[in-house]
Structure formats: structure tokens, C-alpha cells
Amino acid sequence: MSLMKSLMGASAALALTAGAALAEPALIFDLGGKFDKSFNEAAFNGAKRWSEETGNSFREIELQSEAQREQALRRFAEAGSNPIVMAGFAFADALGQVAADYPDTKFTIIDMVVDQPNVRSVVFNEHEGSYLVGMMAAEASKSGTVGFIGGMDIPLIRKFACGYAQGVLAANPDAKVIANMTGTTPAAWNDPVKGSELTKAQISQGADVVYAAAGGTGVGVLQTAADEDILSIGVDSNQNHLHPGKVLTSMMKRVDNAVYEAFTDGPDMETGFSVMGLANGGVGYALDDNNAPLVSADMQAMVDEAAAKIASGELKVHDYMSDDSCPALTF
Amino acid sequence: MDKMPKWADVVLIPLISLVLAAILSALVILAIGEDPVAAVKMMVTGALGSTYGWGYTLYYATNFLFTGLAVAVAFHARMFNIGGEGQAMLGGLGVALVCLYIPWPHWTIALVFAALGAALFGAAWAAIPAYLQAKRGSHIVITTIMFNFIAAAVLNYVLVNVLKPAGAMDPATARFAETVHLPSLHELLAPFGIAFSKSAPANVSLLVAVAACFAVWLLIWRTRLGYEIRAYGHSEPGALYAGISPVKIIMISMLISGGLAGMMAINNVMGEAERLVLNSTEGAGFIGIAVALMGRNHPFGVFLAAILFGFLYQGGAELALWTSIPRELIVVIQALVILFTGALDNMVRMPLEKLFLALRKEKV
């Protein structure tokens with residue numbers, strides 16, 4: 001009897017661990033690394049939140065080389081990880097090759113669309129969130145000139161800039177928007193020194209609010225803005241706490257929510273095209289103790305009204321990537 | 001005679017260096033609270049325990065073979081070519097142009113011309129520093145390393161402004177056509193009834209690399225040119241006295257070196273990615289220096305050292321996948337091996353030489 005009991009216990013434990021191993025989800029960070037205070041870190045935070053709430057563990061890897069993109073995908077898929085979430089558009093090519101080989105594994109790619117039956121492609125309406133912070137920038141600016149500093153010059157970042165410029169002009173039709181990009185290669189995501197130089201250049205042109213959509217480069221932008229006593233706007237994660245009282249707000253791109261949802265849905269998740277916008281809390285602006293003194297009641301009312309209009313579809317913000325052009329800004 | 005026996009120089013010193021590096025790595029792993037024995041086990045099974053592991057190990061090894069041979073050939077003429085990285089980048093550009101703009105009927109023809117294109121671009125990139133060294137005396141170490149940066153900038157410009165497909169976000173070329181797909185080891189071995197992992201990127205360019213090893217051996221030790229290269233490397237005045245032109249030797253050895261580094265691109269660009277991405281070389285040009293040093297500039301030594309570094313790369317990737325050992329630590333382990341086999345060579349050599357000397361005296 002006792003033998004039987006322990007046997008059954010053992011098999012039950014085995015079944016449990018097998019189940020856990022099968023369902024264990026995986027997260028793959030891009031070459032920028034896990035702790036970039038921005039995009040990858042947001043993804044990690046989502047996974048961490050899921051892990052803390054459910055008590056389950058997840059697999060993760062920070063890539064070292066290009067060849068590892070496909071390798072990591074295949075290894076995780078073969079080891080039974082499900083779903084497998086990857087942060088960044090650069091995975092599109094590898095995922096397109098791999099997804100069909102593992103029809104029973106679900107994949108989630110963030111910021112890019114991969115058209116496969118077992119892939120969920122999560123894209124964000126960054127232009128909507130940027131529109132809101134653009135309105136706030138125009139309201140907070142005394143000089144009537146505001147800046148935008150992008151990371152790598154790709155359509156995705158132009159989408160940020162275009163939404164921002166539309167928001168600025170909506171709040172103040174006479175305002176001037178200066179837009180600069182840090183570079184044309186992935187190195188532009190992690191160049192705080194150049195971000196700092198660009199900020200100084202924009203200040204000399206009269207800008208007194210700058211919006212950084214540049215990953216790790218933004219750390220330099222926010223630092224210089226605080227040093228030069230002007231306002232800045234953070235991106236992706238809530239960056240208000242980096243320089244309390246100096247960061248007007250942050251354009252929140254809830255990458256963490258996308259990862260969290262994918263992990264929560266587990267192997268049964270719905271695949272296809274998923275848009276995270278203002279309507280479903282995918283993007284937004286950050287308001288907390290650090291920036292509360294900077295945001296007047298008028299400003300907040302105005303932004304919230306615009307947010308409601310965009311969410312209901314009454315107000316349409318032009319998406320740069322829909323036609324590769326921007327009515328409010330020339331690059 | 002104060003020399004060690006040959007076997008001690010070729011086998012014993014690298015082996016002791018490796019053991020020292022392994023011990024230090026084990027201490028580092030212990031210090032962050034992981035089990036070094038389990039880590040080594042995971043590296044060995046992950047890199048050598050399956051055809052999948054071998055596939056990746058051999059893929060990395062192919063890269064290091066080309067760059068290691070490149071450094072070794074230049075070294076025989078006492079040229080320290082540390083521009084393998086830039087030459088391999090330009091080689092990638094050569095491969096991409098050949099594969100993108102010419103409709104090849106079959107991969108065999110494409111491979112020949114892609115290898116030629118890669119070698120041509122790599123050699124061209126080495127030619128300018130070589131010319132500056134030969135004619136103006138500008139030091140090759142300085143010029144080749146500066147040319148790495150210029151190569152990165154050139155590749156960046158060409159990818160972003162010329163080769164990137166419209167609307168794409170990645171600074172990379174379009175995918176090459178199906179007809180230039182190089183057969184992987186899986187496809188090569190299948191007709192012989194050997195099951196090799198399908199997902200591993202090792203491909204037919206491994207055979208090209210091994211052939212290159214043999215060709216370099218022939219060149220250095222079995223041809224008149226190789227003799228001249230070695231003579232020049234041993235003593236410039238001596239070579240001059242024997243009627244060997246230094247300009248000719250510098251140019252030729254650097255062109256061969258650049259060509260070999262460039263040919264790495266048939267493996268990583270044509271064989272693996274099948275498109276040209278911005279950071280396709282990923283430091284293989286610099287690893288080549290360590291590989292050549294460890295291999296004592298002999299093609300067979302380079303072959304063994306390349307396999308070792310392939311093992312370290314693939315084993316490191318497995319560690320990153322299945323443990324919480326951070327990727328920076330894996331770089332530390334790789335760096336320790338380079339440090340001990342390359343930079344700290346004399347630390348092992350000197351005591352060992354003394355030891356052998358003492359033993360010999362006793363015998364006498």
C-alpha cells in the first residue's frame with residue numbers, strides 16, 4: 001500500500017513536472033540586452049510580473065550573435081517551451097523561417113508582423129501615444145519650439161515622430177518641431193553621448209521640451225535635458241523617476257503587457273494580428289508623483305479628452321507607416 | 001641547445017595554458033554561485049554531444065578557420081594583420097553582390113564565384129594597408145585596425161542607402177535566391193545514410209575551409225613563394241640579400257591574407273544567413289588572431305584551435321540558453337582562453353623551457 005502510494009505520488013509528481021516543463025514559456029531579448037531601461041527591460045518586467053503572480057518560471061536568453069536568433073528559437077521550441085515571445089522587429093526573418101517547422105508551438109513577435117498560422121504579431125499604435133505627449137509638450141513649452149530625438153532612423157521611429165508632431169500642432173498650430181535621428185544602425189539604440197549632443201543642439205535652436213524615442217540613447221537625452229533645466233519626455237517604460245520634476249511625462253508603450261498577456265494565454269493563445277493602442281491600454285502617457293507638479297489640470301483634461309476621442313475612433317492620428325509620409329513633419 | 005622538444009612546444013604548452021584557463025574559469029563560475037562541473041558538462045554535451053551541437057560548433061569553426069588562416073599567412077611574413085574583421089565584412093559585401101545581382105543556375109557555380117568575389121573584396125581591402133606598409137612604411141597594425149572602422153562605415157552606408165529593400169527596418173539585404181542556397185551538412189550527409197541535424201548551420205563551406213588549410217600548407221612549405229614569405233619573415237636583410245623583394249612579399253602575403261579573411265563570408269553570409277546583415281562577422285576576425293596564435297601559425301594547429309573556439313562559442317550559447325549564467329561571463333571564459341593561450345604564452349613557456357633544460361643537463 002505504502003509502496004503503491006509512493007509510486008503514485010512519484011508518477012503524479014512526474015506528470016506535474018512534465019506538464020510544467022511543457023508549458024514553460026520563453027522570452028528572447030534582442031542584442032541590446034535585458035536591462036536597457038527601455039524596450040527589452042519592459043519585456044522582462046512583463047515576464048517577471050507573470051512569474052511573480054503565477055509562481056511559475058520562464059526561460060530567457062540574451063542573444064550574443066545573429067546566428068543565435070534562429071538557434072534560440074529552435075532550441076526553445078524543441079525543448080517544449082510554449083509560447084515563445086521575442087522582443088524586436090529583427091526576429092522577423094528568423095521567425096519566418098522557423099515557425100512552420102513547429103506548428104504546435106505558439107510564437108509572439110513584438111513590433112513586427114510575421115504572417116504564419118502559429119504566430120501572434122503584436123504591434124503598437126505608437127503614433128497615438130506620441131500624439132498625446134506631443135500635446136503636453138506644446139502646452140508645457142514656453143518658447144513654442146519642441147524637439148524629437150529618435151534612435152535608429154527606421155519607419156517605426158518616424159511613426160513616433162509623426163504622431164508627436166501632429167499632437168504638438170493640434171495643441172499649438174504655431175509651434176515648431178525639430179526632429180533628429182541618432183543614426184542609421186542598431187548602435188543608435190545605445191548611444192547616450194550622441195543623444196546628449198543632439199539635445200544640446202536642439203536647445204540651441206530654442207527647444208525647451210524634448211521627446212526621446214531612442215532606447216538606451218534616451219538616457220543621455222533625459223540627463224542633458226535635466227542638466228540644462230528644460231523638460232524631457234521618456235519612452236516605452238515609465239521614465240519619470242529618472243529625473244523627478246524634469247521629465248514631463250513618458251510615452252508608455254506597454255511591451256510588458258504584451259509579454260504578460262502572451263504568457264498568461266499560454267499555449268492556447270490566439271494567433272494573428274494584435275494591435276495595442278489607446279483603446280485597449282497598449283499605449284498611454286505616464287502620470288505619477290514625479291511629474292504631477294508639471295502637469296496642470298487643464299493640460300490633463302485636454303489630453304484625456306483627446307485620448308477618449310482617439311480611443312472611440314472620433315479622432316484619427318495619421319500613421320506614418322501606412323503610407324510612408326507625414327503631414328505634420330518632414331524628415 | 002636551449003630548445004624544448006617539438007612536441008612540448010606544439011602540444012604541451014597550449015594544453016597547460018588551456019588547463020590554467022579552465023581552472024580560472026571554474027573559480028569565476030564558483031564565485032557567482034554556479035556549479036562549474038555541471039557547466040562544463042553542459043558545454044560539452046551541448047557542443048559535442050549531438051549532431052546538432054557539432055553542426056553549430058563546426059559552423060563557428062569554419063569562420064575561425066578562414067580568419068585564423070588569414071592571420072597565420074600574414075604572420076609568416078611577419079605582418080600582423082588585425083584587419084581580418086574588416087576584410088571579412090567587405091568579403092560579405094562581395095558575396096552579397098554576387099548572389100543578389102546574378103541569377104545563378106546552380107549553387108556549385110555560385111559558390112565558386114561567390115568565393116572569388118569574397119576573396120577579391122577582402123584582398124582589395126587588405127591591399128591599401130599593404131601598399132602603405134610596403135611603400136611608405138606605415139605600420140600595418142595601425143592601418144589594418146583603422147580599416148576595420150572604415151569597413152564598418154562603408155558596409156553601413158551601402159546597406160542602409162543602397163541594398164536595403166524599400167520599407168524594411170533591418171539594415172540588411174533581401175534574401176538571396178533559392179538557387180544559391182548552399183547545402184548544409186544535413187543535406188550533404190543524407191545520401192550516405194548519415195542523419196545529421198537539420199537545424200544546424202554548418203554547410204559545404206566547411207569543406208572549402210579544410211581545403212584552404214591544405215592549400216595554405218602547400219603554399220607556405222612546398223612552394224618557392226612560401227619559402228620567400230618565410231625567409232622574409234625571419235629576416236628582412238637576409239631576404240633582401242637573397243634577392244627577395246620586400247614590396248612583393250608584403251603585397252602578396254597581405255593579399256592572400258585578406259582574401260582568406262574575405263572568404264569567411266561564404267560561410268556566414270551565403271551559408272547561414274543567406275542575406276547580408278550589418279554585424280555578420282561578429283568578431284570572428286579578431287578571434288582569428290587568437291586561433292592563429294594558438295595554432296602556432298600552422299594550418300593543422302589553426303584547424304584544431306578553430307574547433308576549440310567553435311566549441312567555446314557553441315558551448316557558451318548552450319550555457320546562456322539553459323542556465324542563469326549571464327552572457328558577460330561566457331565572454332569572460334572565452335577571454336581567459338585567449339589570454340592564456342595568446343598573451344600569457346611566455347608565462348608557461350619560460351618555466352617549461354627551464355624544466356626541460358634542467359632535465360637534459362641531468363641526463364648529460
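In chain A of this predicted model, A:Lys253 stands opposite A:Val283, a residue of strand β12(A). Strand β10 (residues 247-253) of chain A and β12(A) pair in the antiparallel sense, over three bridges. Both strands belong to an open sheet of six strands in chain A, with mixed pairing and the order β7-β6-β8-β9-β10-β12.

- From one strand to the next, the twist averages 15°.
- Helix α5 (residues 126-140) of chain A packs on the sheet, where it touches β6 (145-152), β8 (209-213), β9 (231-236), β10 and β12 of chain A.
- The direction of α5(A) makes about 170° with that of β10(A).
- Helix α7 (residues 192-204) of chain A lies across β6, β7 and β8 of chain A and runs at about 160° to β7(A).

**Contact between chains A and B**

- In this contact, 19 residues of chain A meet 20 residues of chain B.
- On the side of chain A that touches chain B, β2 (59-62), α3 (67-78) and α6 (155-171) of chain A each supply at least two residues.
- Helix α3(A) gives the most to that side, with six residues.
- By class, the side of chain A that touches chain B has nine nonpolar, six polar and four charged residues.

**Helix α13 of chain B**

- Ten of the eleven residues of helix α13 (residues 284-294) of chain B are buried, so this helix is largely enclosed by the rest of the structure.
- Among the buried residues of α13(B) are B:Ala284, B:Gly285, B:Ile287, B:Leu293 and B:Met294.
- The buried residues of α13(B) pack against α1 (6-31), α3 (51-76), α4 (84-101), α11 (246-263), α14 (299-322) and α15 (327-343) of chain B.
- After α13(B) comes B:Arg296, which has a positive phi, near 55°.

**Residue B:Glu85**

- B:Glu85 lies in helix α4 of chain B.
- B:Glu85 counts as buried because it has 26 C-beta neighbours inside 10 Å, the cut-off being 20 or more.
- Leaving aside neighbours within four places in sequence, B:Glu85 is in contact with B:Asn148, B:Thr281, B:Gly283, B:Gly285 and B:Phe286.
- One of these contacts, B:Gly285, is also a buried residue of α13(B).
- B:Glu85 and B:Thr179 are 94 residues apart in sequence, and their C-alpha atoms are 28 Å apart in space.

Conventions:
Residues numbered from 1 in each chain as written. Chains lettered and ligands numbered in written order. Predicted model: local features only at pLDDT ≥ 70, side-chain atom pairs only at ≥ 80, totals over all residues. Buried ≥ 20, exposed ≤ 12 C-beta atoms within 10 Å, placed from the backbone. Helix = DSSP H or I, 4+ residues; strand = E, 2+ residues; numbered from the N terminus. Contact = placed C-beta atoms within 7 Å. Nonpolar A, V, L, I, M, F, W, Y, C, P; charged D, E, K, R; others polar. Pairing = 2+ DSSP bridges. Axes fitted to C-alpha atoms, helices over the stretch in contact; angles between N-to-C directions.
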